[in-house]
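Let's walk through this one together, starting with a charged side chain and moving out to the strands from there. Keep the 3D view open as you read.

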Amino acid sequence: MKKLLFLTFCISVFLLSCKPEKKATSQAVKLLETNKSWDGNTLPDYPVGSPQITALKVIIPPKEVLKIHKHPLINMGVMLKGELTVITENNDTLNLKAGDPIIEVVNTWHYGKNESNEIAEIIVFYVGTKGEALSIVKEED
């Protein structure tokens with residue numbers, strides 16, 4: 001009888017300790033929501049015209065320094081891998097690492113550099129109009 005009670009107790013404890021497996025659910029995690037670029041300036045109004053959205057995966061090799069450039073339209077990105085430092089002509093600086101979002105500066109000369117020994121990858125989404133340039137490289141003096 002004691003064995004039956006002990007067995008019943010053990011089975012009860014086992015069954016009570018087993019939790020049903022929770023089913024994974026979809027999630028939407030807001031990375032950021034703003035009307036300002038990373039340097040604090042308010043984003044410009046959207047241009048009038050036929051919209052065009054472009055998505056780029058930008059791969060920057062280790063120790064690479066990009067040319068000074070500006071974007072005439074609103075864009076945002078998310079770092080996938082590595083690290084990237086973005087610097088404006090006024091020396092405003094932003095350090096990005098994997099997972100970080102960025103609302104890029106608009107009509108502001110800047111450049112990026114990968115100071116690490118690893119590849120940096122960033123996905124960038126541009127919101128503009130058909131025929132509009134994504135970037136303009138500054139002419140060297």
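Glu 89 is partly exposed, at a relative accessible area of 44%; that label covers values between the cut-offs for buried (under 20% relative accessible area) and exposed (over 50%), with a 1.4 Å probe and protein chains only. Its side chain meets that of Lys 138 in a salt bridge, 2.4 Å from N to O, where a salt bridge is a side-chain nitrogen of Lys or Arg within 4 Å of a carboxyl oxygen of Asp or Glu. Lys 138 counts as partly exposed too, at 27% relative accessibility. A word on what you're looking at: this is a predicted model, in which local features need pLDDT of at least 70 and side-chain atom pairs count only at pLDDT 80 or more, while totals for chains, interfaces and linings use all residues. Residues are numbered from 1 along each chain as its sequence is written, and side-chain values use heavy atoms, leaving out hydrogens and water.

The structure holds six salt bridges. Another of them joins Glu 121 to Lys 81, with the closest N and O atoms 3.7 Å apart. Glu 121 sits in strand 8 (residues 120-129) and Lys 81 in strand 3 (residues 74-81), so the pair ties together parts 40 residues apart in sequence. Strands here are DSSP runs (E, at least two residues), numbered from the N terminus. Glu 121 counts as buried, at 10% relative accessibility, whereas Lys 81 is partly exposed at 46%. Lys 57 comes in as well: Lys 57, Lys 81 and Glu 121 are linked in a network of salt bridges.

Four strands make up an open sheet in the order 1-8-3-6, with antiparallel pairing; two strands pair if DSSP finds at least two bridges between them. Strand 1 (51-60) and strand 6 (101-103) stand at the edges with a single partner strand each, so one side of each has no neighbour in the sheet. Strand 1 and strand 8 pair in the antiparallel sense over ten bridges, and Leu 56 has Val 124 in strand 8 as its bridge partner.

Over at strand 7 (residues 110-113), which residues lie on the covered face? They are His 110 and Gly 112, while Tyr 111 and Lys 113 make up the uncovered face. Strand 7 pairs with strand 4 (residues 83-88) in the antiparallel sense over four bridges, and Lys 113 is the bridge partner of Thr 85. Lys 113 also forms a salt bridge with Glu 115, the closest N and O atoms being 3.4 Å apart. Glu 115 itself is partly exposed, at a relative accessible area of 47%.
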